[in-house]
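Colleague: Could you walk me through this model? I have a few quick questions, and I'd like the cut-offs along the way.
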Amino acid sequence: MATIKCITYSDNADGWTSFWDYQPDFMIGLSNVFYSWYNGSLYKHNSSTSNRGNFYVIYDFPSTIKTIFNEDSASTKMFKTLSLDSTSPWTATMLTDLDTNGSIPSSQYVEKEGGWYAYIRANSATSNSPNLLSTQGIGNATSAGGSTATFSFIITTNLAVGDRVFFNNAFVGTIASATTNTITVTGGTFPGGVGYVYVVKNSIAESFGLRGYYMEVNLSVLSTSEVELFSISSSLFKSYI
């Protein structure tokens, strides 16, 4: 049933405005009231005594909204936060044109002055994409073997225990400890020899946000009571990567 949708036409908007998940057998408008039939029973829509998002007693559907942030479309941007002027927080999923995606559960919003605010976090904490801010280079190791890689220079990259370490684009483990010129990993070993080393930080914990020319946002809320959404916004800045 959920794969079949009704669509709503608005005379005022002169266009199709909404999609609906319910599938009536027949429907009609009478005296400014909308009625439909399903399995031989008559139902009155938009009733103040019924639960929101509930159709034909047994079907509960979330309300969903899709929008796109495309300010300064010729520039690559970092999308950092999501703000909702709403009576309730919405679950959000985000996708950018650079194939980075993120999400915000409704429980992660903070209410401030009647609005809801949350940081955008990438879905994957273990991505090794060089296009992400969570990927940070260290340099060529002069020697690597076992659990330790040694460098001929002072490491200036900000390292933390748990960062994922890659040697010549192959994952070798997570950082257990580090000095000014060595890295020791756990959960794997270096294959030996000389090679380029970089680390990938936990993009969820670091809250880097999402990078792209535009960001598609899908909002969803499942509530039996009325929920109003007045506006949605995102804080962003130009990416120079």
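Colleague: Is Lys 201 buried or exposed?

Modeller: Lys 201 is buried, with a relative accessible area of 5%, where buried means under 20% relative accessible area, exposed over 50% and partly exposed in between, using a 1.4 Å probe and protein chains only. Please keep in mind that this is a predicted model, in which local features need pLDDT of at least 70 and side-chain atom pairs count only at pLDDT 80 or more, while totals for chains, interfaces and linings use all residues. Residues are numbered from 1 along each chain as its sequence is written, and side-chain values use heavy atoms, with hydrogens and water left out.

Colleague: And where is Lys 201 placed?

Modeller: Lys 201 is in the loop between strand S21 (190–200) and helix H1 (203–206); helices (H or I, at least four residues) and strands (E, at least two) are DSSP runs, numbered from the N terminus.

Colleague: Which side chain does the Lys 201 side chain make a polar contact with?

Modeller: The partner is the side chain of Asp 163, at 2.8 Å, and a polar contact here is a pair of N or O atoms within 3.5 Å, where within protein one must be able to donate a hydrogen and the other to accept it, and residues adjacent in sequence count only if both atoms are side-chain atoms.

Colleague: Switching topic, how many strands close into the barrel?

Modeller: The barrel is closed by 6 strands, in the order S16-S17-S20-S19-S18-S21 and with antiparallel pairing, where two strands pair if DSSP finds at least two bridges between them. Within it, S17 (residues 148–150) and S20 (residues 182–186) pair over 3 bridges, and Thr 148 has Thr 184 in S20 as its bridge partner.

Colleague: What about the open sheet, which strands are at its edges?

Modeller: The open sheet has 4 strands in the order S13-S14-S10-S24, paired antiparallel, and its edge strands are S13 (110–112) and S24 (229–233), each pairing on one side only. S10 is joined to S24 by 4 bridges, and Ser 86 stands opposite Leu 229 in S24.

Colleague: Last one: how many residues are in the largest nonpolar core?

Modeller: That core has 18 residues, and those touching the most other members include Leu 82, Met 94 and Tyr 109; a nonpolar core is a set of buried Ala, Val, Leu, Ile, Met, Phe, Trp, Tyr and Cys residues joined through side-chain atoms within 4.5 Å. Its largest share, 4 residues, comes from S23, and a second, separate core of 15 residues includes Ile 155 and Val 172.
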